[in-house]
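Please examine the sequence and the coordinates displayed below before reading the explanation.

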Amino acid sequence: MAEALTIGDPAPSFDLPGAGRESISLAKLRGRKVVLYFYPKDDTSGCTKEAIAFNGLRKAFADAGTEIIGVSPDSVASHDKFRTKYDLAFPLAADEEKAMLEAYGVWKEKSMYGRKFLGVERTTVLIDAEGRVAQVWPKVKVDGHADEVLRAAQAL
């Protein structure tokens with residue numbers, strides 16, 4: 001498993017399939033700020049609440065020159081259903097192989113009811129226009145998080 005990201009380091013590159021048959025890569029976003037928010041699973045309560053919060057702020061993020069991308073290990077088909085169900089207007093990247101999740105250090109051992117398993121630790125990474133890590137929010141609590149990330153993107 002990868003080390004935690006360090007502010008100022010180059011963000012790990014990626015090229016992943018996305019909902020709506022799009023291809024999502026960090027290289028294509030060079031020159032713009034990027035919010036990568038990593039979440040465990042489409043259409044679960046916390047993940048839905050987080051997606052809706054980011055979606056509601058997408059114009060403010062765009063005004064701040066910032067792209068929003070959700071990333072989970074779910075399939076493209078799952079992302080398509082999730083985006084349609086909640087009318088999400090930003091890309092959702094599918095990392096079924098978990099290579100990007102590992103590169104960003106968010107694929108971690110978790111524990112629930114005494115059982116250990118590997119899964120996504122809810123994390124958000126803000127990348128500057130030069131492709132460097134500007135800020136990392138590990139172990140995200142959903143309430144108010146999208147607003148906090150927006151303030152950081154506006155200040156960058």
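The model is predicted.

The sheet is open and consists of five strands in the order β5-β4-β3-β8-β9, with mixed pairing. Its edges are formed by β5, covering residues 92–94, and β9, covering residues 133–137, each of which pairs on one side only. From one strand to the next, the twist averages 20°. Strands of a sheet pair through backbone hydrogen bonds, in either the parallel or the antiparallel sense.

Helix α3, residues 76–86, lies across both β4 and β5 and runs at about 160° to β5. A further helix, α1 (residues 45–56), lies across β3, β4 and β8, running at about 165° to β3.

Attention now turns to β8, which spans residues 123–127. With β3 (33–38) as its neighbour, β8 pairs in the antiparallel sense over five bridges. F38 stands opposite T123 of β8 in this arrangement. The strands β8 and β9 form a hairpin with five residues between them, and G131 in the turn has a positive phi of about 85°.

How many of the residues of β8 are buried? Five of its five residues are buried. In a regular strand the side chains alternate between the two faces of the sheet. In β8 both faces are covered: T123, V125 and I127 are buried on one side, and T124 and L126 are buried on the other.

The loop that leads from β7 (115–120) to β8 contains E121. Is this glutamate, E121, buried or exposed? The cut-off for burial is a relative accessible area under 20%, and E121 counts as buried because its relative accessibility is 15%. Leaving aside residues up to four places away in sequence, E121 touches F38, V106, K108, P138 and K139. Among these contacts is F38, the residue that stands opposite T123 in β8.

Definitions and conventions. Residues are numbered from 1 along each chain as its sequence is written. This is a predicted model: local features need pLDDT of at least 70, side-chain atom pairs count only at pLDDT 80 or more; totals for chains, interfaces and linings use all residues. Side-chain values use heavy atoms; hydrogens and water are left out. Two strands pair if DSSP finds at least two bridges between them. Helices (H or I, at least four residues) and strands (E, at least two) are DSSP runs, numbered from the N terminus. Axes are lines fitted to C-alpha atoms, for helices over the stretch in contact, and angles run from 0 to 180 degrees between N-to-C directions. Contact means heavy atoms within 4.5 Å. Buried means under 20% relative accessible area, exposed over 50%, partly exposed in between (1.4 Å probe, protein chains only).
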